[in-house]
Amino acid sequence: MCELQLVHSFCYQLQSFGYSTKPFPVDPDEIEETHQLTFRAILVGCALGAVVGASNIYLGLKTGFTFGPQLFGAIFGYAILKAISKALPESGLLGVFGGHFGPKENCTVQSSYLASGGLGILFVSAVPAMYRLDLLSPQPSQDIGKLIALTVCAGFFGVFFVIPLRKYYIAYTIRSLHHGKSGAAAAKKKALALLYTFIIVFIFKVMTGYAPAILYDWHIGWTLYRLGFTSMIHMENYGWWIEFTPAFFGAGMLSGLNASWSFFGGSVLAWGIIQPSIVKNGLAFGTPVSDDFPLVSYLAMSFKDTEQYITHPSPRYWLLWPGVLLMLMYSFGDIFLTLLPLARNLSFSADSVNPVSWFRRRNDIDPEDEDQTPAEDRVPLAWWTIGLFISIVMSCAILATQFHLNVGEAILSLVLGFIFSFIAVQSSGQTDINPVSTVAKASQLVFGGIGKGSHLVGKPAMTLNLTAGVIAAGSAAQSGDMTGDLKTGYLLRAKPKNQFIAQLCGSVVSVFLTSGLFILFTKASPCIINPPADGVCTYGAPSVSAWAAVALAVTSPKLPIPKSSGYTAIALGIFSILSLIVRNYFIPKKYWHYVPNWNAVGLAFVTPQIFYSLAMAVGSTFNFFWQHRSPANFDMYMFAVAAGMLAGEGLGGVFQALLAVAGVDGSKFGTVIGCPGFEFCG
């Protein structure tokens, strides 16, 4: 889930440098690209997308975050195909890999890369939640057909209903890679920086599995406790230790100071102030995890008796509701206040408000239309309308036969996906936040009401709730990525028709890749879908817990939310709206970056791993000083280094899972020196 969108700093820099939303001027010295849609571009794009898709499944299950290191595909795609195009001949059997490689073909790489690396959000949120609630088979490997079918519904519907273009931030990078000798030299430096960072972080991550508390997790409280400072065990129990995670250091570099420090500030508020307070006052409770040491877990999220959610909640469950409501209210409030002035200034022509005109074939280009793409290069009307119709019919059939949704419920889930994707695209372009996973939780509220109206209870109600959430969140996330990709192609004057084909190819890869990776991870770590009573698991999966808790809450006869938690949630939600009003109407825009991002604060409430926000805060601070001390060096290497960190740790985690399945991981051959228990580390 992309709760915290990590694209805004690059987008902001492009805007500050004066890059407009108009297509880049045609370079008179640029070689004309006769072949933009090529086998080599799709092959390399899908391969790179598979790498980052695997990385995102790991990071999402580990932390609740999925990232979009698009520069990984843009730079590596260039580095690989540029070298191949020069090394191989333009004719013969290898001719499909040789010949000129330009920015428009690089855009095809980007299109297939983004599509094949997507849909991971499904398998780090609602799908694992279905297993935790016993709504599917005991083992995901028994449900491979259902998982693929569900992914197909969300993925292809999202591709076919791509909506108005939004500002995106990769196009200038791709163009600069191909622009003259200086661009080629810069591209080589960026590619090497990304490659070296990726390799170093990958090796480091794999090594951490064999010595987690030495290389990765530094349990300061536990160490001080063993040295005789017994009161410091509370530091360990409340989750305050340091984890050197390159992925979140890189995420902080991309996010900037405001989002990263808001996230860390939220962690301090939730887990450093509120958590000890509610435990001390008997509002939340911990679970002992050791008979030998006073180790206590405050992360339990699964009870057989739903009454315990009210009478005996863990701090993690208690803090979940303030976090979810805070993100929902802030995201919708920010969208509303930002888009309201834009809506007032919109003007509509007769054609723009006539739905028939949307489907009319246009052979002539309106000189006043921003989109000057030739008609023959656009996606044909029949392609997306027929595809959309088939995807709707297919989705209704799959959801009815496999998950027992009727046609009306299936169509409503698709409509909600359309609405959420529109919100996500507009929010990302105007507010620098992509709240797909947050707003998609609103579908759980909608279908919770539908389930009660249909007198559904128990597992049928939760199946309806989470299945609809999968479709809404997945299709919204996929369409959001695809519309941004089309914007990239528009700026580069690439053919939308070619991009569309590349996106379809990438989506096919993504369907099978993400399903298979989910099965791999759950086989390596069964606690992902079967968490122990104390809530301790190598994969924290905070997003999974949130989806499961919301599904249980909205389908229960009695709302299982502690009163103190509910009152706190309402108070914080109202406060976030008031802070938005003050920011938008009483504070000059140049000072807005000093106002906390309450979406990031709310995210900290549902993410009990404090070390992630700490790593992001350190990464953003490092970035700030790097930018001010060496601007040229920063502009050259920062994004490449950050992308390498994200992909390196993610893929290293995938390799760790493979080692676990093979029985040669750190649990068999590693050391737990300095670790309170192996399950606490890594």
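Predicted model: local features only at pLDDT ≥ 70, side-chain atom pairs only at ≥ 80, totals over all residues.
Local features need pLDDT of at least 70 and side-chain atom pairs count only at pLDDT 80 or more, while totals for chains, interfaces and linings use all residues. Residues are numbered from 1 along each chain as its sequence is written, and side-chain values use heavy atoms, with hydrogens and water left out.

**View 1. Helix H12, tucked away.** Buried here means under 20% relative accessible area (1.4 Å probe, protein chains only); helices are DSSP runs of H or I, at least four residues, numbered from the N terminus. Phe248, Phe249 and Met253 are among the buried ones.

**View 2. The largest nonpolar core.** This core has 135 residues, and Phe72, Val127, Leu466 and Phe521 have the most contacts inside it. Helix H26 (residues 631-662) gives the largest share, 13 residues. A nonpolar core is a set of buried Ala, Val, Leu, Ile, Met, Phe, Trp, Tyr and Cys residues joined through side-chain atoms within 4.5 Å.

**View 3. Around Val127.** Setting aside neighbours within four places in sequence, Val127 is in contact (heavy atoms within 4.5 Å) with Leu122, Leu147, Leu150, Val470 and Phe518.

**View 4. Where H25 meets H26.** The axes of H25 (residues 610-629) and H26 come within 5 Å and cross at roughly 125 degrees; axes are lines fitted to C-alpha atoms over the stretch in contact, with angles from 0 to 180 degrees between N-to-C directions. Trp626 and Arg629 are among the H25 residues that meet H26, whose side includes Phe634 and Tyr637.

Notes
Buried < 20%, exposed > 50% of the residue type's maximum accessible area, 1.4 Å probe, protein only. Helix = DSSP H or I, 4+ residues; strand = E, 2+ residues; numbered from the N terminus.
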